[in-house]
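Here is a short report for a first look at this structure. Keep the view open while reading.

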Amino acid sequence: MTTTELQKRDWAALEQKYYQGTFKRLPITLVRGQGARVWDSEGKEYIDFVAGIAVNILGHCHPAIIQAVQEQVTQLVHVSNLYYNVRQIELAEQLAELSGGMRSFFSNSGAEANEGAIKLARKYGRLHRDGAFEIISMERSFHGRTLATTAATGQAAYQASWAPLPDGFKQVPFNDLDAVKAATSAKTVAILVEAVQGEGGIWPASKEFLQGLRQWCDEQNLVLICDEVQAGAGRTGKYFSWEHYDIKPDIVTMAKGLAGGVPIGGMLTGPRTDVFAYGDHGTTFGGNPIACAAGVATIKTIKEQNLLENATKMGAYWDKKFQDLSAKYPHIIDSPRGIGLMRAVNVKHDLAGAIAERALEHGLLLNALGGSTLRMVPPLILTESDLNEAHAILDRSLEEVSKLPAAQK
C-alpha cells in the first residue's frame, strides 16, 4: 500500500471490529522498519527502543535476515518433522557450539519452549527423583501465557483470572536462596529462573544467588532451568545471560531474538537432563526451515559484526547517559539498572505511562511496565548517535512530565 492508501483506512476501528481485544495498543500503526527505526502509517519516524519486546535483535529488516528468509522461501517453506531438516540441524549445531554441547528442540514461542522444559524436568523427576514434579520459580518472573507457564509466572496479575491453575508450581522471592531451600521438598524436581528478569522489570540476579542455585540443584539432584527467552541471543552482552554468572544450567529456554524477528522457540538441554525419547514431545511448525534459516543468519551476524561487544559498549554508554538524567530529574526517575542492552529505570508517582506517551509524541518508542518502570530493549546494532538522539527525546519528555501535577507530589 502507498502512504495515501494506508492513511485512508481507520486501522484502530478495523482492529476493534475484526480482532479480539486482548491488547491495549498505543495510538500508532507501524508499517515499516529499517535498522533501529520504524515508521507509522502517517509517515512519522521513531527510534525503536522496544524492538518487538526484545525480538528484533538485529533491528528491522536486517539484510542478513532478508537474504536468509528469501533464499529459504524459494527452496522449502515447511516440512514435517517426520523428515530431516537441514536448517534445523544447522541451527542446533550453532547453539550447541555456543552452549557447550547442549542439544536443541525447536518450537514457536517462549511459552512453548518453557512448556517443553517443564515436561522434560518432570520426566527427569519420574526417572531420577521418585516421581517429583514440582517446580520452584521466582516472584516477579514471567514465563508465558499458557496455563502451565502462567502457573509458573510469579505475578498474580497474570494468574488471577485463570484459576484453578495447574498444580506443581510455587514461587519464592527472587535473589533469596534461603527461600528456595525452604520451599524445596520431596516433590520438587526443578528450579526455574531468569538470570535477568525481563517482564518483571529488568532485575539482574546476584552472582551469589545464581551460583547458590546451581550448587543447591547439584546437592539435591534438582534440575536448574534458565529462562533466556528475553535475555538470551546476546542482549546482555553475552549470548546467554547465565554466562555472566559462571554457571551452566541443565536446561535453557529461548525465543524472542533467536531468529532476529521470525517466530521461534528453543529448548536446550545438557546430557544430565537429555531424557526425552521418541514420542515424548512434538510440534508441527517448530523448527521450520524459514525460522531456522533466520536463526542461523542471526547467530552468524552477531558473531561477524561483534554485536556482543557492541551491546556491552552501548549498554555502558546508555547507563552513563541515564545516570545523568536520574541526577537531573531525581523527583521522577531513579535506580537505572540492567546488563548490556537490557535496561530499565524506576519511575516515581506512577508516571511511566506518561513518560512513554510523551516520548512517543517526540519519536521514541519506550515500554512502560505498569506505572513504575520504563523498559528499554533496543537492537544490538544500536549506535552512539541513536543513543544520543534517544537521550535528547527522553530528556525533553521528562522535562514535560516534570510539570504535571502528579510529579509535584
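The text below covers backbone features and then a pocket.

This is a predicted model: local features need pLDDT of at least 70, side-chain atom pairs count only at pLDDT 80 or more, and totals for chains, interfaces and linings use all residues. Residues are numbered from 1 along each chain as its sequence is written, and side-chain values use heavy atoms, without hydrogens and water.

**Backbone**

A cis peptide bond links Ala163 to Pro164, with omega about 0°. Pro164 sits in the loop between helix H8 (156-159) and strand E6 (169-172). Helices (H or I, at least four residues) and strands (E, at least two) are DSSP runs, numbered from the N terminus.

Arg140 lies in the loop between strand E5 (134-138) and helix H7 (147-152). Ser335 lies in strand E13 (residues 333-339).

**Pocket**

A pocket is an open set of points on a 1 Å grid over the protein atoms alone, where a 1.4 Å probe fits, with protein on both sides within 12 Å along at least five of seven lines; lining residues have an atom within 4 Å of a point. The second largest pocket has a volume of about 940 Å³, the space filled by probe spheres set on the points, which are joined across faces, edges and corners. Its lining has 30 residues, and Asn81, Gln88, Ser104, Phe105 and His281 lie nearest the centre.
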